Amino acid sequence: MKNFLFIPLLCFLMAVPAANAKKKIIYVTASETKADSTATTRLPRFKESESIAAFKAWAISQIEYPQTLIRERIGGRVVASFTVRADGKLRNFEILESPHQLLSDEVRRVVLASGRHWEPGLNEGVFSDCQVTVPFDFDLHSSKSKAERRIEAETPREPEKTYDPYVFL
């Protein structure tokens, strides 16, 4: 009878620490990774590019500024966050900052359409989930063409608010 009670108690005690364990979060910046195929840590790739700028350039070429907001002269920054899963699929899409719901909807449409173009990141040699945070600027005063906006997206600039662009989960 004692063994009958001991075994379930032992199984319960072994499961408790696993349930309370937290995920290890590693912050990685683009300068810490290498384009080397032997690298043990690599950020998620968009269309085989090592840079988030390639994703932003593609996204800007896909974004259509809502006509209603152009007439109402509404613009600003939309910050989107999503997870590139270890299988390369996008999950956990979230808008962190936005001046208007229509801008959020447009960014959501474009980010979710990019899903098939992502390769997962490597963390210590293992494909891992990685959270990606990207700001998108909707500028009403810009008369730039899509090509000029793409070049601007590839040019680094000081962010208004700081977000970690990549976080391994």
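Predicted model: local features only at pLDDT ≥ 70, side-chain atom pairs only at ≥ 80, totals over all residues.

**Core packing and salt bridges**

1. Leaving aside residues up to four places away in sequence, F138 touches I63, Y65, G75, G76, V78, L103 and V107.

2. The largest nonpolar core has 26 residues, and F138 is among those with the most contacts inside it, together with F55, F82, V107, V111, W118 and F136. The elements that give two or more residues to this core are two helices, helix 2 (52-62) and helix 4 (101-113), along with strand 3 (76-84), strand 4 (90-97), strand 8 (130-138) and strand 9 (166-168). Strand 8 provides the largest share of the core, 5 residues. As general background, nonpolar side chains in soluble globular proteins tend to be buried together.

3. Turning to the charged pairs, the structure holds 4 salt bridges, among them the one between R77 and D137, whose closest N and O atoms are 2.8 Å apart. Because R77 lies in strand 3 and D137 in strand 8, this pair ties together parts that are 60 residues apart in sequence. The two partners can also be described by their accessibility: R77 is buried, with a relative accessible area of 9%, whereas D137, at 37% relative accessibility, counts as partly exposed.

4. A further salt bridge joins D129 to R85, with the closest N and O atoms 3.6 Å apart. R85 is partly exposed, its relative accessible area being 32%.

5. Within helix 4, which also contributes to the core, R109 forms a salt bridge with E106, and here the closest N and O atoms are 2.5 Å apart. Why are R109 and E106 separated by about one helical turn? They are 3 residues apart in helix 4, and that spacing therefore corresponds to about one turn of the helix. E106 is buried, with a relative accessible area of 11%, while R109 counts as partly exposed at 40% relative accessibility. In general terms, side chains of opposite charge can pair when their charged atoms come close.

Note on methods: Residues numbered from 1 in each chain as written. Heavy atoms only, no water. Core = buried A, V, L, I, M, F, W, Y, C linked by side-chain atoms within 4.5 Å. Buried < 20%, exposed > 50% of the residue type's maximum accessible area, 1.4 Å probe, protein only. Helix = DSSP H or I, 4+ residues; strand = E, 2+ residues; numbered from the N terminus. Contact = heavy atoms within 4.5 Å. Salt bridge = Lys/Arg side-chain N within 4 Å of Asp/Glu carboxyl O.
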